[in-house]
Amino acid sequence: MISSAFLRLSAITGDTQLRWRRGFFRLWLLVAIVWVGIGVYANFSGRPYFPELRIAVRHNGEIAALKPWSDEAKVLEAGAEGGISERQLMLVYPGGATYYADVGDDVPTQSSKLQKVTSYLESERTRIDSEYRKSCVETFLYLGVFPPLILLVLGAALRWVLLGFRSASQT
């Protein structure tokens, strides 16, 4: 019933094809804007995950960044309990980091190691943040921008195919 009324109306006005094309483009535009908005919100509203770390400076000067549940971290914790090392919370790292300083080091050595650990944690924070941002942008492109563009291309291709089935008198 609705389609016959639409066909009668379009026969009077003669611009059915233009209306359908304009209507589908507006529908695509609306869906694309909503889709991209959801993609922006989903990808850029979060924060990166910073794992909790236990930090120690080995005797060769190398920094050991350990997960709290690792065996080496448990050894560091036991050393702090036994008075061999001292725990220091590092506030420069958002995930929470504990630095285990050697009690027997002199003040300049402690200061040097603390500066080295602080520098390491700042670089680690920057690395994690940049990797997170890069993955957000990639995910947004693949899931937020490409699907509406693919839908537009598929719609244009479908229109092109359907126009190929018109009779010679309709063109």
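Because the model is predicted, local features require pLDDT of at least 70 and side-chain atom pairs count only at pLDDT 80 or more, whereas totals for chains, interfaces and linings use all residues. Residues are numbered from 1 along each chain as its sequence is written, and side-chain values use heavy atoms, with hydrogens and water left out.

The second largest pocket has a volume of about 290 Å³. A pocket is here an open set of points on a 1 Å grid over the protein atoms alone, where a 1.4 Å probe fits, with protein on both sides within 12 Å along at least five of seven lines; lining residues have an atom within 4 Å of a point. Grid points are joined across faces, edges and corners, and the volume is the space filled by probe spheres set on them. The lining of this second largest pocket comprises 14 residues, of which Ala56, Val57, His59, Leu76 and Asp102 are the closest to its centre. Two or more lining residues come from each of β1 (53-57), β2 (63-66), α3 (71-81) and β4 (97-102). Helices (H or I, at least four residues) and strands (E, at least two) are DSSP runs, numbered from the N terminus. The largest contribution to the lining is that of α3, with four residues. By residue class, the lining holds eight nonpolar, three polar and three charged residues, where Ala, Val, Leu, Ile, Met, Phe, Trp, Tyr, Cys and Pro count as nonpolar, Asp, Glu, Lys and Arg as charged, and the others, Gly among them, as polar.

Side chains of opposite charge can pair when their charged atoms come close. With a salt bridge defined as a side-chain nitrogen of Lys or Arg within 4 Å of a carboxyl oxygen of Asp or Glu, the count comes to 10. One of these joins Glu52 to Arg54 at 2.8 Å, N to O. Arg54 is buried, at 15% relative accessible area, while Glu52 is partly exposed, at 37%; buried means under 20%, exposed over 50%, and partly exposed in between (1.4 Å probe, protein chains only). A further salt bridge links Arg87 and Glu77 at 2.3 Å, N to O. Arg87 belongs to strand β3 (residues 85-90) and Glu77 to helix α3, so this pair ties together parts that are 10 residues apart in sequence. Both partners are partly exposed, Arg87 at 39% and Glu77 at 27%. Arg133 and Asp129 form a salt bridge at 4.0 Å, N to O, and lie four residues apart in helix α4 (residues 107-163), about one turn of the helix. Arg133 is partly exposed at 35%, as is Asp129 at 30%.

Ser85, in strand β3, is buried, with a relative accessible area of 10%. A polar atom of its side chain lies 3.4 Å from the backbone nitrogen of Ala80. Such a polar contact is a pair of N or O atoms within 3.5 Å; within protein, one must be able to donate a hydrogen and the other to accept it, and residues adjacent in sequence count only if both atoms are side-chain atoms. Leaving aside residues up to four places away in sequence, Ser85 touches Leu76, Gly79, Ala80, Tyr100, Ala101 and Val103, contact meaning heavy atoms within 4.5 Å.

Gln110, in helix α4, is partly exposed at 29%. The side chain of Gln110 reaches the backbone oxygen of Asp102 at 3.4 Å and that of Asp105 at 3.4 Å.
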